[in-house]
Amino acid sequence: MSDDTKFSAYAHPEKLVSTEWLAANLDAPNTRIVESNEDILLYDTNHIPGAVHIDWIADLNDKTIRDYVSPEAFAALCERNGITPDTTVIFYGDKSNWWAAYALWVFELYGHTNSKLVDGGSAKWKAEGRELTREKPSITNSTYPVPGKRDDARIRAFYHEALAHAEAKKPMVDVRSPGEFSGAVTHMPEYPQEGVLRGGHIPGAKSCPWSTAANPDATFKTAEELRKIYTEDLALGDADDIVAYCRIGERSSHTWFVLTYLLGYKNVRNYDGSWTEWGNMVRSPIEKSV
Amino acid sequence: MYPGTLDSIVDLFEHLPDEEKRSLLISYADSADKYGPTEGANYDLEDIRKDEECTDTVGIFLTVDEAEGSASEFKVSLGGEVQTLTRAMTSILCRSLAGATPQEILDCPADFVPKIIGAELVRQRSQTVYYVLSRMKGAAKVYLARKRAGETA
């Protein structure tokens, strides 16, 4: 199946570009390619020519409070990366685009919806032997008006909202690995600082690991395959109010992107406090399956 | 304080400005494949594990030359998704711990890691930088346990 055919079956095909398209459009006007990774040095090692680097901690997260940067800091980030409100921002990265989807989601909190993901991210670009460089692009600062306020309500759920959601028995998707969902593990083996005091899942949440939406080459599964997973097996309805969560909000950003843009669900929120908040909160209701 | 030549590497990194530190780490990461296992070679201990959510596949291969004062040599295989810092630490450890005994490796404190990496890079989701050391220590521990069991059998 060609990328065009695959993309055209998604609800919002305009939110994806293929590696082939990107390779032919590296200098497309009014566009900025952005790499966002878990691997802090990966961009320095090599990246797509012309790409800038946006770091999920240093650039997007507040240094003190667990929250995102201020609207002023977001505008400054865009300006130093040559991004204006009209710029199409094309995100890609490692780990099957976890952090690229996370950055795209954070950009939407500030109202910057003119964005796309590269299907397959870094892994596919590299597997295809496409051009890479260590050269950082020379960027002319842009002007980016400070956004009035973040649009948290539309696509982000906070703890009290997630709690009300669970109590109302609305659809909640836990995208972590089965061991995390069941409560068998309280942190991933090498992420001990993301440990929690209690393991398990939010009552009523259904387990659907983020990876079920991805192919081994990091691309998204087809619309038909995704509908089978989320619409048929999870029984998510068009009008449902849906919350997705994981451990710190990046894997659920991937699922949020799938549900919102590939399948066209209109009311999807990412509970980015996720299990590191829920599993540590006093008196949070928890279900275990071990 | 640290086994092998780790002391001198720690000392070098501690005196480098951040930008040069990053460049040197990338240089070490680039050379990580040199320390991969040799096909067909026999090792005293092999431990290969895959963790898809965190670190990808990492294989630890240990050889100990008892005729040379229990001198150890590590080879490490790394999956494609292993982080750059972890690749860098693999090179540093394979090179600097060559010749150390399993007990010295087991006793090696992990506090050199932030001295090499720098405070800026030791953060959430970069903790896999400790991973290779912990796996090497695990291999050394198993090797010593097997050796003791063999001696008492």
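1. Chain B first. Going from the N terminus, its elements run α-α-β-β-β-α-α-α-α, which comes to six helices and three strands. Bear in mind that this is a predicted model, so every number below is computed from predicted coordinates.

2. On overall dimensions, chain B has a radius of gyration of 15 Å, in agreement with the value near 15 Å for a compact globule of 153 residues. Taken along the principal axes, the C-alpha atoms of chain B fill a box of roughly 55 × 35 × 25 Å.

3. Have a look at how helix α2 (residues 18-30) of chain B sits against helix α3 (residues 84-96) of chain B: their axes come within 7 Å and cross at roughly 75°. Sorted by class, the contact of α2(B) with α3(B) has seven nonpolar residues, two polar ones and one charged one.

4. Now follow α3(B) to another partner, helix α6 (residues 131-152) of chain B. Here the axes come within 8 Å and cross at roughly 45°, which makes α3(B) oblique to α6(B). From α3(B), the contact uses T86(B), M89(B), T90(B) and L93(B), while α6(B) brings Y131(B), V132(B), L133(B) and M136(B). The residues in the contact of α3(B) with α6(B) divide into six nonpolar and two polar, with no charged.

5. Over to chain A, which has 12 helices and nine strands. The radius of gyration of chain A is 19 Å, close to the 19 Å that the globule rule gives for 290 residues, so chain A is as compact as a globular protein of that length. Its C-alpha trace spans about 50 × 45 × 35 Å along the principal axes.

6. The contact takes 23 residues from domain 1 of chain A and 22 residues from domain 2 of chain A.

7. Which helices supply the side of domain 1 of chain A that touches domain 2 of chain A? α5 and α6 (121-127) of chain A each supply at least two residues there. The element that gives the most to this side is α5(A), with eight residues. By class, the side of domain 1 of chain A that touches domain 2 of chain A has 13 nonpolar, five polar and five charged residues.

8. That brings us to the packing of α5(A) itself. Helix α5 (residues 98-109) of chain A packs against helix α11 (residues 251-262) of chain A at an angle of about 70°, and their axes are 7 Å apart. The two helices are therefore roughly perpendicular to each other, and the crossing of α5(A) and α11(A) is left-handed.

9. As for who touches whom in that pair, α5(A) uses W98(A), A101(A), Y102(A), L104(A) and W105(A), and α11(A) uses R251(A), S253(A), H254(A), W256(A) and F257(A). By class, the contact of α5(A) with α11(A) has seven nonpolar, two polar and one charged residues.

Technical notes:
Residues are numbered from 1 along each chain as its sequence is written. Chains are lettered from A and ligands numbered from 1 in the order in which they are written. This is a predicted model: local features need pLDDT of at least 70, side-chain atom pairs count only at pLDDT 80 or more; totals for chains, interfaces and linings use all residues. Axes are lines fitted to C-alpha atoms, for helices over the stretch in contact, and angles run from 0 to 180 degrees between N-to-C directions. Helices (H or I, at least four residues) and strands (E, at least two) are DSSP runs, numbered from the N terminus. Angles under 35 degrees count as roughly parallel, over 145 as roughly antiparallel, 65 to 115 as roughly perpendicular and the rest as oblique. A crossing is left-handed if the near helix is turned anticlockwise from the far one by less than a right angle, and right-handed if clockwise. Two residues are in contact if their C-beta atoms, placed from the backbone, lie within 7 Å. Ala, Val, Leu, Ile, Met, Phe, Trp, Tyr, Cys and Pro count as nonpolar, Asp, Glu, Lys and Arg as charged, and the others, Gly among them, as polar. The radius of gyration is taken over C-alpha atoms; the globule rule is 2.2 Å times the number of residues to the power 0.38.
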